[in-house]
Amino acid sequence: MPSDYAIETEGLTKIFRNFWSGAEFVAVDGISLRVRRGTTFGLLGPNGAGKTTFVKMLLSAAHATKGRALIFGQDGRDPSARQPIGYLPENHRFPTYLTGAGMLDFYGALSGLDGAARKRRIPELLALTGLEKWGDVRLGKYSKGMLQRVGLAQALMHEPALLILDEPSDGVDPIGRRQIRDMLHALEERGVTVFLNSHLLAEVEAFCRDVAIIHRGKLAVQGEVRDLTAGSGYRVKAEHVPERLAAELTATGAALFAGAGAQNGFREFQFGTREAANRSVDLLRSESCEIESVIRTASTLEEVFMRTVDGK
Amino acid sequence: MASNIALTTALVRDTFREAMARKIIWGFVGCSSALILFFLFIMKIDVVEGAFATMSIFGRDARTMDLTRLVREVHGGIAAFLYTAGLFLSVFASAGLIPTIFEPGRIELLLSKPVARHHILLGRYVGNVLVIASNMFYLVFAVWIIFGVKTGVWTHQFLYSTAITVFVFAILLALVLLVAVLSESAVVATMVTFGVMLVSPILAQRHLIERLLSSEWSRDTVRYFYFALPKVFDIGRICREIVLGHTVTDWMPVWSSALFGLVMLLAGLYSFSRRNY
């Protein structure tokens, strides 16, 4: 029976052991994650959180110490489970002796495409990524952005059902980023599952429907971007706020968070409801604080990320 | 999944492309062509022409016999030279073709494809062997043609030297493969393989060494290393015997070296299947 999930992991764990000292380092700690078929999924986390190791375990480039990963219901360790995957690694090193077309031909063959299909797909993808005039040029002559685009073309060669992209807009100019995003949207509309590993929060927020945050090897948050950023509120900026009152507003729970210290004499407070914001404005005014601004805000993925990672 | 043949073809073709880009193939073709031109040249000089003419004044049977022996001797000398120099050059030039696929950013992409790990490595291994085999065949076949046309003697045994040299190269490349998987370094892999090649002529004198050693355990150690390691030197001697048309009585160096190569290859494939990238 076909699985509802493009990716399913159960307690996926990776422990690296130092051969000489025997010291252990837990890179990924029991992550159970489900990525729905046809969704756009963003994996977030600070540097060293275990994102890349997690992705490598999905692809069986790294072996899990415990747990397992399923790709469309099939054990990821089975080479045939990787048939529906298109992958663009971070810091890729494509063979520079190949031309753009040659590289697509090689990886297309490894992805199981026959000669006729490769012949058809190569010009299509070079045109799609804006590299139609560069097909016969060696990759050594490509710019970083062009390598990223030809890398994306490589991932799309065999029309994969699951696209795993590690920092896809790395080194790409804003126009190129826009093109990549449009390309990914078109794939999403065709039902392709897109798994994005990126540190660009705005990119993930703009593109992904679902998101997960990994922190210190563990799954910290998972959900729909819409739900996670649903916490709208009010931001109040005031002058001459005594430390005592700032601490009181935060401690009583009226303010979801207060900006760290006064900046140019101003402090900012975030309130979850209009009532809380109004009460606090009254309180601030009663203590002769000057109100600079009251703004209605929507919670951003960045705030969710910072709260998860830094506890702010 | 794609057929195994299609995948292997893609991997072999990629190895050839890399060998071309690194100028390994051109280097070999250049050296081989220079040697071929050299043989063409010496076959035209007066001394050699004169030597062949002298032989032709003898009776028909005697001339054929002497000429055949002369050609076999020359073939034997060339085969021995190609075997020794060819092996060193081949290992030195092409040992890097296997470790390059372990480069970060390249190996992850290869492993993400629906291809078994052992297939990726075997494809590279076969490609590397074929790069060397094609060059060896080009050189040996051209030299054979030159001598054949000039003398009318066509001894097929000389052509076997290609197969023997490539066979020993394949054994040494299996060692390169294992060390490269473990160390991910072309330099270490080349050094270890050269070490094994250099120790081979020493171990080939094991009977003499054993007489010089006083303790039994040290004699056992020499024996162990002799039987465990590939017998590059001994097979070189066998190669010459075959080219000269002599009968080979002891095939032990060949099958024990093949066993070594097989063990190295399997160990390399196993290590590769267990590694994290």
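Colleague: What do the side chains of R275(B) and E184(B) do when they meet?

Modeller: They form a salt bridge, with 3.3 Å from N to O. Keep in mind that this is a predicted model.

Colleague: Where do those two sit in chain B?

Modeller: R275(B) is in the segment after α12, and E184(B) is in the loop between α7 and α8 (186-203), so the pair ties together parts 91 residues apart in sequence.

Colleague: Buried, exposed or partly exposed: what is R275(B)? And E184(B)?

Modeller: R275(B) is partly exposed, as its relative accessible area is 25%. E184(B) is partly exposed too, at 36%.

Colleague: Which salt bridges in chain B share partners?

Modeller: There is one network that joins D14(B), E18(B), R22(B), R106(B) and R124(B). Take R106(B) and E18(B) from it: their side chains meet in a salt bridge at 3.1 Å, N to O. That pair links distant parts of the chain, 88 residues apart. R106(B) belongs to the loop between α4 (60-94) and α5 (107-111), while E18(B) belongs to helix α1 (residues 4-21).

Colleague: Are R106(B) and E18(B) buried or exposed?

Modeller: R106(B) is buried, with a relative accessible area of 4%, and E18(B) is buried as well, at 3%. The cut-off for buried is under 20%.

Colleague: Why would charged side chains pair up at all?

Modeller: Side chains of opposite charge can pair when their charged atoms come close.

Colleague: How many salt bridges are there over all chains?

Modeller: A search of the whole structure gives 31. One of them, in chain A, is between the side chains of D75(A) and R77(A), at 2.8 Å from N to O. D75(A) is partly exposed, with 24% relative accessible area, whereas R77(A) is exposed at 61%.

Colleague: And how many salt bridges run between chain B and chain A?

Modeller: The count is 3. There is also a salt bridge between the side chains of E108(B) and K56(A), at 3.5 Å, N to O.

Colleague: OK, on to the contact itself. How many residues does it take from each chain?

Modeller: It takes 30 residues from chain B and 31 from chain A. About 2,700 Å² is buried between the two chains, and carbon and sulfur atoms give 58% of that.

Colleague: New topic: the insides. How many residues are in the largest nonpolar core?

Modeller: It has 158, and the residues with the most contacts inside it are F54(A), F195(A) and F102(B). Helix α7 (residues 157-183) of chain B gives the most to this core, with 17 residues. In chain A, the core draws at least three residues from each of domain 1 (5-228) and domain 2 (233-310).

Colleague: What is F54(A) in contact with?

Modeller: Leaving aside neighbours within four places in sequence, its contacts include L12(A), V28(A), I31(A), F195(A) and I214(A).

Colleague: Why do such side chains gather?

Modeller: In soluble globular proteins, nonpolar side chains tend to be buried together.

Colleague: Which residue can you show me from helix α4 (residues 144-156) of chain A?

Modeller: Q148(A) is found there. Q148(A) counts as buried, at 3% relative accessibility. Not counting residues up to four places away in sequence, it touches L88(A), H92(A) and D166(A), among others.

Colleague: Which residues have a positive phi without being glycine?

Modeller: S60(A) is one of them, with phi near 65 degrees. S60(A) sits in the loop between α1 (51-58) and β4 (66-71) of chain A, and is buried at 8% relative accessible area. H240(A) is another, with phi near 60 degrees, in the loop between β11 (233-239) and α8 (243-251) of chain A.

Colleague: Last one: where is confidence lowest in chain B?

Modeller: In helix α3 (residues 46-56), at a mean of 60, while helix α12 (residues 252-274) is highest at 96. Chain B averages a pLDDT of 89, and 92% of the residues score at least 70.

Conventions: Residues numbered from 1 in each chain as written. Chains lettered and ligands numbered in written order. Predicted model: local features only at pLDDT ≥ 70, side-chain atom pairs only at ≥ 80, totals over all residues. Heavy atoms only, no water. pLDDT = per-residue confidence, 0-100. Helix = DSSP H or I, 4+ residues; strand = E, 2+ residues; numbered from the N terminus. Core = buried A, V, L, I, M, F, W, Y, C linked by side-chain atoms within 4.5 Å. Buried < 20%, exposed > 50% of the residue type's maximum accessible area, 1.4 Å probe, protein only. Domains from an automatic or database assignment. Contact = heavy atoms within 4.5 Å. Buried area = accessible area lost by both parts, 1.4 Å probe. Salt bridge = Lys/Arg side-chain N within 4 Å of Asp/Glu carboxyl O.
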